[in-house]
Amino acid sequence: MGGVNNAIRDSVLFTTADSVISWGRRSALWPETFGIACCAIEMISAGCARYDLDRFGVVFRPSPRQSDVMIIAGTVTRKFAPVVRRLYDQMPEPRWVIAMGTCAISGGVYNTYAVVQGSETFVPVDVHVPGCPPRPEALMHGFLLLQEKIKRSRALTGTPLDRVTAS
């Protein structure tokens, strides 16, 4: 009888619903597969066997209705920004955005009227991945920062418990 009590005591886990939900969300991120410019090649290579984003629970999806992470990888023009916003609006809640590359973060070297100077002007960006183009390791680090941000937010409301600073 003592063995049964020890088995039950060793296998019972006490936690909150918020921590279980946030664990599930951060352990299964499904980014949308689309790339705008040269950063998309680095995004594709991050998903290949050499870097293997699958081990972090990151699986690329072909549709915005099946994904919860948008990676803006490259230069966004003013003509293309409404399309990116429409894809963002089609994603289910909760949803997150990673701006990958200097062009997506600040417009890059293209300081012209046709290029949007920062993706956060039309969608809320959660993590910035700097570089031109950023290496696949930098995108992996961005996913780890996003997972940390999800871990520190309330699962049911999505409000952050504290700020995560991305560098």
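This is a predicted model: local features need pLDDT of at least 70, side-chain atom pairs count only at pLDDT 80 or more; totals for chains, interfaces and linings use all residues.
Let's start with α3. The helix runs over residues 39–46. Which of its residues are buried? Cys-39, Ala-40, Glu-42, Met-43 and Ala-46. These residues sit on the same side of α3, because they cover an arc of only 160 degrees around the axis. Turn to the other side of the helix. There, Ile-41 and Ile-44 are exposed.

So much for the helix itself. What covers its buried residues? The cover includes two strands, β1 (69–73) and β2 (96–100). Helix α6, residues 136–151, is also among the elements that cover them.

Keep Glu-42 in mind. It brings us to the salt bridges. How many are there in the model? The count comes to six. I'll show some of them.

Take Arg-135 and Glu-42 to begin with. Their side chains meet in a salt bridge, at 3.9 Å from N to O. Where do the partners lie? Arg-135 is in the loop between β3 (127–129) and α6, while Glu-42 is in helix α3, so the pair ties together parts that are 93 residues apart in sequence. Now look at accessibility. Glu-42 has 16% relative accessibility and counts as buried, because the cut-off for buried is under 20%. Arg-135 is partly exposed, with a relative accessible area of 46%. There is a further partner here. Glu-137 is linked with Glu-42 and Arg-135 in a network of salt bridges.

Next, helix α4, residues 81–90. Arg-85 forms a salt bridge with Asp-89. The closest N and O atoms are 3.2 Å apart. Both residues lie in α4. They are four residues apart, about one turn of the helix. Buried or exposed, or in between? Arg-85 is partly exposed, at 31% relative accessible area. Asp-89 is partly exposed as well, at 42% relative accessibility.

One more pair: Glu-93 and Arg-95. Their side chains meet in a salt bridge, 3.1 Å from N to O. Glu-93 is exposed, with a relative accessible area of 60%. Arg-95, by contrast, counts as buried at 18% relative accessibility.

As a general point, side chains of opposite charge can pair when their charged atoms come close.

To wrap up, go back to Glu-42. This residue is one of the buried residues of α3. Glu-42 also belongs to the salt-bridge network with Arg-135 and Glu-137.

Technical notes. Residues are numbered from 1 along each chain as its sequence is written. Side-chain values use heavy atoms; hydrogens and water are left out. Buried means under 20% relative accessible area, exposed over 50%, partly exposed in between (1.4 Å probe, protein chains only). The arc is that of the directions from the helix axis to the C-beta atoms. Contact means heavy atoms within 4.5 Å. A salt bridge is a side-chain nitrogen of Lys or Arg within 4 Å of a carboxyl oxygen of Asp or Glu.
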